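This briefing goes through one protein chain, from its overall build to a few single residues. Keep the sequence and the 3D view open while reading.

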Amino acid sequence: LSSRAAHGADTVVKVGPALVGGGHFCLMAGPCAVESQAQLLTIARSVRSAGAMVLRGGAFKPRTSPYDFSGLQKEGLALLSLARRETNLPVVSEIMSPNDLPLFEKVDLLQVGARNMQNYALLRALGRVKKPVLLKRGSGATLRELLLSAEYILSGGNENVILCERGIRTFSDGTRSTLDLSAVPLLHEMTHLPVVVDPSHAVGRASLVPPMALAAAACGADGLLIEVHNDPLHALCDGAQALLPEDFAALARQIAALREVT
Ligand code: PEP
Ligand code: MN
């Protein structure tokens with residue numbers, strides 16, 4: 001179902017009023033984790049005025065260490081729903097368990113994180129809902145494995161799947177992961193599904209996010225997922241890779257200019 005041969009035309013996924021794929025480019029941005037009402041609203045308003053079309057924010061955070069901040073959970077989703085109402089931006093947030101689905105009623109795009117790309121019970125449950133899904137590539141997954149994970153959702157009857165390249169683990173240790181940009185044009189050959197890029201988790205360092213975001217846009221990504229924080233030094237999660245709102249706004253202008261010329 002995911003293959004280009006099965007479905008010639010590009011799939012366009014609707015996330016609230018935003019379109020992703022088939023020539024529609026979607027900028028998604030926001031904090032790694034929802035931390036407070038003030039933090040979320042400040043960031044949401046700034047990314048909206050910079051041109052973001054979808055607000056990101058983690059409420060359930062899959063952390064490598066069980067001792068790290070694991071998100072505001074239900075309260076985080078309530079704050080996202082408030083930000084959604086205040087800004088009119090649709091929201092994307094990570095779901096880690098099918099049991100949490102009822103809590104995600106006000107979330108427009110359900111994110112499956114890299115760690116859960118092969119959580120088949122979760123994928124099957126998302127196949128039964130009508131909401132779009134942002135499926136992140138596992139850090140050790142091949143493109144074939146990513147597409148087979150997408151099949152779990154598609155074969156359940158949910159056609160609204162967006163793929164996300166977010167870096168894979170290699171021997172190169174200068175960055176958090178290695179952004180596999182050739183996956184973007186290659187996936188476009190293999191599948192009709194939209195492909196977005198998350199440079200933030202791939203590089204892990206704010207200074208490297210803008211150049212890789214631009215590179216992703218240049219090689220045909222259908223959108224970007226970018227972490228933004230108003231106070232990165234005090235962020236509860238992934239501060240090192242968060243762009244300041246003004247740096248995100250500058251990047252958004254560069255992306256718009258790049259899209260004009262390509
Ligand atoms: C995230 O987007 O918040 C996240 C945890 O990303 P990943 O699953 O790609 O590590
Ligand atoms: Mn993060």
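Is Asp238 buried or exposed? Asp238 is buried, because 20 other C-beta atoms lie within 10 Å, and a residue counts as buried at 20 or more. The model is a predicted one.

**The chain as a whole**

- The chain contains eight helices and 10 strands.
- Its radius of gyration is 17 Å, close to the 18 Å that the globule rule gives for 262 residues, so the chain is as compact as a globular protein of that length.
- The C-alpha trace spans about 45 × 45 × 40 Å along the principal axes of the chain.
- Of the 262 residues in the chain, 50% are buried.
- When contacts between residues at least 6 apart in sequence are considered, 66% of them join residues at least 24 apart.

**How helices pack**

- Two packed helices are described by the angle between their axes and the distance between the axes.

**Helix 1 with helix 8**

- On the helix 1 side, the contact is made by Ile43, Ser46, Val47 and Ala50; on the helix 8 side, by Pro245, Phe248, Ala249 and Ala252.
- Sorted by class, the residues of this contact are seven nonpolar, one polar and no charged.

**Helix 1 with helix 2**

- Helix 1 passes helix 2 in a right-handed crossing.
- Gln37, Leu40, Leu41, Ala44, Arg45 and Arg48 belong to the helix 1 side of the contact, and they meet Leu79, Leu82, Ala83, Glu86 and Thr87 in helix 2.
- This contact has six nonpolar, two polar and three charged residues.

**Helix 7 with helix 8**

- The crossing of helix 7 and helix 8 is right-handed.
- From helix 7, Pro210, Ala213, Leu214, Ala217 and Ala218 take part; from helix 8, Leu251, Gln254, Ile255, Leu258 and Arg259 do.

**Residues with a positive phi**

- Most residues other than glycine have a negative phi.
- Asp238 is not a glycine, yet its phi is positive, near 60 degrees.
- Asp238 sits in the loop between strand 10 (223-227) and helix 8.
- Gln73 also is not a glycine and has a positive phi, of about 55 degrees.
- Gln73 is in the loop between strand 4 (54-56) and helix 2.
- Gln73 is partly exposed, with 16 other C-beta atoms within 10 Å.

**Two buried loop residues**

- Where is Gly138 found? Gly138 lies in the loop that joins strand 7 (133-136) and helix 4 (143-154).
- Gly138 is buried, because 21 other C-beta atoms lie within 10 Å.
- Apart from its neighbours within four places in sequence, Gly138 is in contact with Ala114, Met117 and Gln118.
- Thr175 is 37 residues from Gly138 along the chain, and their C-alpha atoms are separated by 17 Å.
- Met96 lies in the loop between strand 5 (91-94) and strand 6 (109-112).
- Met96 is buried, with 21 other C-beta atoms within 10 Å.
- Which residues does Met96 touch, not counting those up to four places away in sequence? They are Phe60, Pro62 and Asn116.
- From Met96 to Gln39 the C-alpha to C-alpha separation is 23 Å, and the two are 57 residues apart in sequence.

Technical notes. Residues are numbered from 1 along each chain as its sequence is written. Chains are lettered from A and ligands numbered from 1 in the order in which they are written. This is a predicted model: local features need pLDDT of at least 70, side-chain atom pairs count only at pLDDT 80 or more; totals for chains, interfaces and linings use all residues. Two residues are in contact if their C-beta atoms, placed from the backbone, lie within 7 Å. Helices (H or I, at least four residues) and strands (E, at least two) are DSSP runs, numbered from the N terminus. Ala, Val, Leu, Ile, Met, Phe, Trp, Tyr, Cys and Pro count as nonpolar, Asp, Glu, Lys and Arg as charged, and the others, Gly among them, as polar. A crossing is left-handed if the near helix is turned anticlockwise from the far one by less than a right angle, and right-handed if clockwise. The radius of gyration is taken over C-alpha atoms; the globule rule is 2.2 Å times the number of residues to the power 0.38. A residue is buried if 20 or more other C-beta atoms lie within 10 Å of its own, exposed if 12 or fewer, and partly exposed in between; C-beta atoms are placed from the backbone.
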